[in-house]
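This text walks through helix packing, then through the pocket and the cavities. Please keep the model open while reading.

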Amino acid sequence: MRNDVKAAAGKAAEKFRRSARLAAEAGILPYKSENGHWVTSPYDGNSWWTGGFWPALMWQLYAMTGEEAYMAEARRAEEMLTAEFRSFTYLNHDVGFMYLLSCGADYKLTGNAQAKTDTLHAANLLLGRFNPVGYIRAWNEPYKMGYAIIDCMMNLSLLFWATRETGDPRFAHVAKIHADTTLREFVRPNGSCSHIIEFDPQDGKRVQEHPGQGYTLGSSWSRGQAWGLYGFTLAYLNTRDERYLDAATRIAAYFVDHIRPDGLTNCDFCQPAGEERIDNIAGACAACGLLELAKITGDAAWRTAAERLVDGLLDHCCDWTDGSCGILTHCTASYHDDGAGRHTNITYGDYFLVEALAKLNGTDPMLWV
């Protein structure tokens with residue numbers, strides 16, 4: 001690839017040494033950088049689904065450098081996240097994102113017994129969202145009791161982890177049932193993925209597709225494609241089921257075909273021509289999935305595509321200055337602005353960028369498995 005990924009990882013570590021202190025001084029879970037300051041989540045307080053990415057970023061940097069300041073900041077954030085178990089109201093299927101990458105990472109890297117207990121607590125919450133007709137319920141609103149979303153493919157890793165840790169097969173059984181439903185109902189013939197499918201909660205029959213965070217009904221929200229690409233790759237790593245690997249490679253081929261010439265990622269692969277709506281979180285996440293696919297399959301083309309994505313980010317959309325707390329720019333939460341950020345820095349974009357750099361440098365602790 002064109003860029004020196006070791007140097008880029010070093011610059012990321014240097015920047016977050018400073019901005020981690022700023023987060024601790026502010027006493028918050030950072031969601032995005034704005035005007036040189038960290039800003040908290042736009043909704044639901046510390047139960048907002050992205051909260052685990054900040055401690056996950058700290059654990060990645062700890063694994064990369066061995067510096068205990070990152071461990072301390074990760075654990076400060078974990079205390080804020082585990083307090084949300086008691087409030088409970090806003091927690092949903094994204095407890096995988098929130099707790100596997102924070103408490104689960106703590107246990108994996110340090111053996112912290114309380115962190116293991118907290119991660120198992122989250123796994124039981126996710127297990128409790130399973131509707132036996134075949135899917136994990138995404139959100140809590142009564143009118144959404146039949147909703148499942150492609151993002152949940154990433155949350156399944158928490159359930160596979162729980163089975164490995166406890167020997168209890170229920171967690172993995174539920175994960176596989178949901179993955180099979182996603183494979184059947186979300187992955188389209190051309191390799192693209194739907195974002196939201198509504199099922200009848202009484203019998204599990206498909207009711208309808210919803211447009212979600214993409215451009216329009218039936219379009220291809222790029223981060224949804226990245227969730228599918230990486231999520232099915234992780235499902236394969238957890239099960240060795242070739243059907244999941246086949247799904248991951250089909251989604252990957254679709255994604256790679258839609259990488260922009262500059263290596264960046266449009267927010268929706270079906271958005272109108274000339275529409276400048278970029279979501280670099282999608283590209284960073286897809287790069288991580290593609291690097292794992294390359295290792296699994298031995299196909300260097302997937303690594304080349306991942307390097308193309310990372311080069312695009314490093315060439316065009318990284319802010320290394322002290323004017324921003326974060327690094328990755330042009331992150332977009334939703335095609336139709338939902339108040340969560342457009343063309344801005346968002347922390348989980350930084351997380352996936354650093355994870356991709358860690359994979360390329362051989363320091364990634366594999367927090368998802």
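Helices are DSSP runs of H or I with at least four residues, strands are runs of E with at least two, and both are numbered from the N terminus. The model is a predicted one, in which local features need pLDDT of at least 70 and side-chain atom pairs count only at pLDDT 80 or more, while totals for chains, interfaces and linings use all residues. Residues are numbered from 1 along each chain as its sequence is written, and side-chain values use heavy atoms, with hydrogens and water left out.

Start with α1 and α2. From α1, the residues Ala9, Ala13, Phe16, Ser19, Ala20 and Ala23 meet Trp54, Leu57, Met58, Leu61, Met64 and Thr65 of α2. By class, this contact has 10 nonpolar, two polar and no charged residues. Here Ala, Val, Leu, Ile, Met, Phe, Trp, Tyr, Cys and Pro count as nonpolar, Asp, Glu, Lys and Arg as charged, and the others, Gly among them, as polar. Helix α1 spans residues 5-26 and helix α2 residues 53-65; their axes come within 11 Å and cross at roughly 130°. That angle makes α1 oblique to α2. Axes are lines fitted to C-alpha atoms, for helices over the stretch in contact, and angles run from 0 to 180 degrees between N-to-C directions. Angles under 35 degrees count as roughly parallel, over 145 as roughly antiparallel, 65 to 115 as roughly perpendicular and the rest as oblique. The crossing of α1 and α2 is left-handed, a term for a near helix turned anticlockwise from the far one by less than a right angle (clockwise would be right-handed).

Helix α2 also packs against helix α3 (residues 68-82), at an angle of about 160° and with the axes 8 Å apart. The pair is therefore roughly antiparallel, and α2 passes α3 in a left-handed crossing. On the α2 side the contact uses Trp54, Pro55, Met58, Trp59, Leu61, Tyr62 and Thr65, and among their partners in α3 are Glu68, Arg75 and Leu81. The residues of this contact comprise 11 nonpolar, one polar and five charged.

A further partner of α2 is helix α14 (residues 347-361), with an angle of about 25° and axes 9 Å apart. This makes α2 roughly parallel to α14. The contact includes Phe53, Ala56 and Gln60 of α2 and Tyr348, Phe352 and Glu355 of α14. Its residues divide into 11 nonpolar, two polar and two charged. The crossing of α2 and α14 is left-handed.

On a 1 Å grid over the protein atoms alone, a cavity is a set of points where a 1.4 Å probe fits but cannot get out, and a pocket is an open set with protein on both sides within 12 Å along at least five of seven lines; lining residues have an atom within 4 Å of a point. Grid points are joined across faces, edges and corners, and a volume is the space filled by probe spheres set on the points.

The largest pocket holds about 620 Å³. It is lined by 28 residues, and the closest to its centre are Trp48, Trp49, Trp139, Glu141 and Lys144. The lining consists of 14 nonpolar, seven polar and seven charged residues.

There are two cavities of 30 Å³ or more. The largest cavity has a volume of about 70 Å³, and its lining includes Leu29, Tyr31, Asn46 and Trp48. That lining has four nonpolar, six polar and no charged residues. The second largest cavity, of about 60 Å³, is lined by 16 residues, with Ser194, His195, Pro211, Ser219 and Trp221 nearest its centre. Strand β7 (206-210) and helix α10 (222-239) each supply at least two residues of this lining.

Technical notes: Contact means heavy atoms within 4.5 Å.
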